[in-house]
Amino acid sequence: MDSKSNTYILAKYDVSGIQQYIFATNRLRENVGASFQVTRILEEYLPEAIKAATAPQQENITESINVLDWKIQDELRIFKDANIEAEIIYIGGGNAMVLFRDREVFQKVSQNLGEKVARGCQGIYLAVAYVNSKLNSFKNDVNELAKKMAENKANMIRQPIYSPFPVVEQDNSNHQPITRCLRHKNEEVENTGNMQAVENMTEMRYQKWMAYRCSRASKNKNLYPQIAGIADYDYPVDMDSLCREPGNDSYIAVVHIDGNGMGRQIQEVLGEQDAYEKAVPLLRKKSKEISGIFRNTYKAVLMRLWEHKELLRTDSKGDIIFPLRPIVLDGDDFTFLCTADLAIPIAAGFLKKLSVSQKEKIQKITACAGIAFVHSHFPFYEAYRIAEETCSTAKGKWYEEKKGKKGSMDKSFLDFRVLKGSEAGGTLKHRQWHMRPYSVDTEDQRIELDALVRLYETIKKMEEEWPSNRLHKIYRAILGGEGQLDFLDREFTSRGYSMKELMQTEKWKDSPLYDALELRGLCKVELLADFLGLQEKQVNEKMESENYFEK
């Protein structure tokens, strides 16, 4: 066994500027390619950089591969075998932690990786931090490493892409020089009326396109899980395909889902053991557990969508096309686009299935979701920012309820914002009428004012019992103030329409009515009922009622 008296280097690599890089454009293929590029930096380029730096010292090829693939084995082995010069501790969430035997290897790897990122991923920035370690306390080293990374990122100079010559043609959106000519494949141009067969573009766009083609060929297992009974399936490749009416500037949805309290759970793991030999295996297990649960939950969502054949379509090659497009699925971070009226059902279904899949666990992993309903031509980066912002609002509600509560909390929360026209602020000016964020739980929560089931029931009543013109009057009355609502309530009551039944409460501000009115045409209630298990529950309640009367 190698002595731990030597000084090792614990390093962290952080991919910076991810959101701006991935969501910089409304071209869906480039978004997918950019996401693939970000994944490659740590999953592909980092191992390659380590191999290049350590190849002369490493004779055992199998051992080298195992050290680089941290998911194969939980045990930390660098200090047990003198042939191992570097070992990846974990990769996830846009960063990686690596333990090096000495500074020289660390410097070679960092230089190799930096060059690969600079050449192959224009627009992405790589931050690096390290601490010297005697391998005495993993928790202390990790905390010190986090501080150094925060300092380095704060002081990092983000060098703009070099474009000094005014005679070079520039891209209209970002003013980068156009230096590449891309010949699109037939299937890329097919069914896309605004795409030319040959296109001049910047180096950054070209790299994203090449990455998109690689992602199509490799089909990342996170985004393309194997589903029994479905041989070939795919996702939409342009924004128009996500619209309910292709070709029109109709609504789509950007959905961002993020795990709750992940940092706290990692700190709890680090607090259990201090020695590297025991702490690293626990961290690896926790990281793999979180990623596995989110991947399996996404797979379960796809399987449920598969049962709704009316939502699927078939492309020219015969592949099944799902009505959503995953962009990022990394650990507890999940972002996707979909047809607008499927966003709340899919997001709520994901949150519920995430909890149900862990029903035997005491400490469950939960998440919150944020949804931005926008027109298909709305700036994608701004739409993602709003989805992330609404997710943060939902997480704030989760932390508020979690405060002072011992043990696990199974609730998840969902928030949304509907952007009309170019209204960047969404509907925040009428916040006093919002019941959201809504809670999603495995139990029936009709008694909870913020239960998503109440929103579902209000939308269902609106669609089944209320004419569109009366609903429009209610919406206008809400904007006019409580006095107008009272007057309208008396008018509708005289004509046989009960607004209090629609609101499910006596108090206006305790009702999901305004949220439901905003979502008119933006929520497929049958699918929401299916994902929440309401149809099955209603059948069971009906059977119990019939059995009761028979007795």
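**Note on the predicted model: tyrosines, strands and charged pairs**

1. Tyr 233 is buried, and so is Tyr 235, where buried stands for under 20% relative accessible area, exposed for over 50% and partly exposed for what lies in between, using a 1.4 Å probe and protein chains only. This is a predicted model, in which local features need pLDDT of at least 70 and side-chain atom pairs count only at pLDDT 80 or more, while totals for chains, interfaces and linings use all residues. Residues are numbered from 1 along each chain as its sequence is written, and side-chain values use heavy atoms, with hydrogens and water left out.

2. For the protein as a whole, the model has 18 helices and 15 strands; helices (H or I, at least four residues) and strands (E, at least two) are DSSP runs, numbered from the N terminus. Of its 551 residues, 52% count as buried. Among the contacts with a separation of 6 or more, 71% are between residues 24 or more positions apart, a contact being heavy atoms within 4.5 Å.

3. How many aromatic pairs are there? The count comes to 19, under the rule that rings of Phe, Tyr and Trp (its six-membered ring) pair if their centres lie within 6.5 Å, with planes under 30 degrees apart counted as stacked, over 60 as edge-to-face and the rest as tilted. The rings of Tyr 233 and Tyr 235 have centres 6.0 Å apart and planes at 85°, and the pair is therefore edge-to-face. For Tyr 475 and Tyr 514, by contrast, the centres are 5.6 Å apart and the planes stand at 10°, so this pair is stacked. Tyr 475 belongs to helix α13 (residues 468-480) and Tyr 514 to helix α16 (residues 513-518), so the pair ties together parts that are 39 residues apart in sequence. Tyr 475 and Tyr 514 are both buried. Elsewhere, ring pairs link Phe 294, Tyr 298, Phe 334, Phe 336 and Phe 350 into a cluster.

4. Arg 325, which lies in strand β11 (residues 324-330), deserves a careful look. The residue is buried yet has no salt bridge, and the nearest side chain of opposite charge, that of Asp 234, is 4.4 Å away; a salt bridge requires a side-chain nitrogen of Lys or Arg within 4 Å of a carboxyl oxygen of Asp or Glu. In speaking of charge, Lys and Arg count as positive and Asp and Glu as negative, while His and the chain ends are not counted. The side chain of Arg 325 does reach the backbone oxygen of Pro 236, at 3.3 Å. Leaving aside neighbours within four places in sequence, Arg 325 is in contact with residues including Tyr 235, Val 237 and Phe 336.

5. Strand β11 is largely enclosed by the rest of the structure, because six of its seven residues are buried. With strand β12 (residues 333-339), β11 pairs in the antiparallel sense over six bridges, two strands being paired if DSSP finds at least two bridges between them. Within this pairing, Leu 324 has Cys 338 of β12 as its bridge partner. The hairpin of β11 and β12 has two residues between the strands, and Gly 331 takes a positive phi near 65° there.

6. A separate point concerns an open sheet of three strands, in the order β7-β10-β9 and with mixed pairing. Since β7 (233-234) and β9 (313-314) stand at the edges, each with a single partner strand, one side of each is left without a neighbour in the sheet. The pairing of β9 with β10 (residues 320-321) is antiparallel over two bridges, and Thr 314 has Ile 320 as its bridge partner in β10.

7. Finally, a search of the whole structure finds 28 salt bridges. One of them joins the side chains of Asp 415 and Arg 436 (3.5 Å, N to O), linking distant parts of the chain, with Asp 415 in strand β14 (residues 412-418) and Arg 436 in the loop between β14 and β15 (438-440), 21 residues apart. Asp 415 and Arg 436 are both buried. Another joins Arg 27 and Glu 30 (3.6 Å, N to O); here Arg 27 counts as partly exposed, at 38% relative accessibility, whereas Glu 30 is buried, with a relative accessible area of 2%. Arg 27 and Glu 30 also belong to a network of salt bridges with Glu 199 and Arg 205.

How values were computed. A polar contact is a pair of N or O atoms within 3.5 Å; within protein, one must be able to donate a hydrogen and the other to accept it, and residues adjacent in sequence count only if both atoms are side-chain atoms.
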